[in-house]
Amino acid sequence: MTEKILVTENVHLYYGKKEALHGIDLSFKKNDITALIGPSGSGKSTYLRALNRMHDLADNVTVNGTFMFNGQDIYAPNTDTVSLRQKIGMVFQQPNPFPFSIYDNVAFGLRTAGHKDKGFLDETVEKSLKQAAIWDEVKDTLHKSALSLSGGQQQRVSIARALATGPDIMLLDEPTAALDPMSASKVEDTMMQLRNQLTMIIVTHSMAQASRISDKTAFFMDGNLIEFDNTKKVFLDPTRQETQDYISGRFG
Ligand SMILES: Nc1ncnc2c1ncn2[C@@H]1O[C@H](COP(=O)(O)OP(=O)(O)OP(=O)(O)O)[C@@H](O)[C@H]1O
Ligand SMILES: [Mg+2]
């Protein structure tokens, strides 16, 4: 039996009275990369943010449905959202380093979790920057401001920051959309290197990117999941006409 690290069923989400997700069933196998694709406004980010309770931060959002992470109910009242988000980390479209040093950015989550031991922090910062494929570029300037880096480097530092707390799942919402092609390709390489180490769910508008890096693809439209299958199948032989129209560029 294949191991599902994350299972969601019958997900409905409302912004105020407006329903934005109309009953999504989607599950993720451990260490798979899944691409979420679909037209603008189809609910990809809304769904992604529901997975680590980012909507908790807004007051008009209602989330219904089942969300099980390693057999644990994500929305159980006793779930600690800080540790949840360390296990289900997130990277956004705009690189968002904090205005302090590269080192302190990556150590941030560890310090929040109460780690103080310098040896442990040094080791984990180095390991995370290596995993994010940026160590060689920053190892001599760890105490310089993260804001002095290029956009692509900042994005890889954001990935390192998310990796430092040892997540099982990484959510990435258009992580290369704001980057120049060269930086985008470096960030994409980083994701490829992380393959098999953790489960990734990535929203992308790039069909080329989805087909290059993902094992599975989920096609969203108007708050519904239209098709979910192996990436090859979705791109080469989609079951639904809407999927075919979208990937061949007829709308979206
Ligand atoms: N904070 C919000 N308040 C009210 N409605 C929202 C909010 N965020 C998103 N929506 C609505 O929910 C729907 C889904 O939006 P969402 O941002 O999830 O789409 P998306 O697929 O990520 O689009 P894009 O590709 O443009 O990022 C849209 O109709 C959008 O207008
Ligand atoms: Mg979005």
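Author: Helices (H or I, at least four residues) and strands (E, at least two) are DSSP runs, numbered from the N terminus. This is a predicted model, in which local features need pLDDT of at least 70 and side-chain atom pairs count only at pLDDT 80 or more, while totals for chains, interfaces and linings use all residues. Residues are numbered from 1 along each chain, ligands are numbered from 1 in the order written, and side-chain values use heavy atoms, without hydrogens and water.

Reader: Which element supplies the largest share of the lining of the largest pocket?

Author: A pocket is an open set of points on a 1 Å grid over the protein atoms alone, where a 1.4 Å probe fits, with protein on both sides within 12 Å along at least five of seven lines; lining residues have an atom within 4 Å of a point. The lining comprises 20 residues, and Arg-85, Met-90, Phe-98, Phe-108 and Arg-161 lie nearest the centre. Helix 2 (81-87), strand 6 (88-91), helix 3 (102-112) and helix 6 (151-164) each contribute at least two. The largest share, 4 residues, belongs to helix 2.

Reader: Which residues come nearest to ligand 1?

Author: A residue is near a molecule if one of its heavy atoms lies within 4 Å of it. Strand 2 (18-29) and helix 1 (44-50) each give at least two residues to this shell. Of the 13 residues around ligand 1, the nearest are Ser-40, Gly-41, Lys-44, Thr-46 and His-205.

Reader: How far is an oxygen atom of ligand 1 from a polar backbone atom of Gly-41?

Author: A polar contact is a pair of N or O atoms within 3.5 Å. For a backbone N or O atom of Gly-43, the distance to an oxygen atom of ligand 1 is 3.0 Å. For Gly-41, the corresponding value is 2.8 Å.

How values were computed: Polar contact = N/O pair within 3.5 Å; in protein donor to acceptor, adjacent residues only side chain to side chain.
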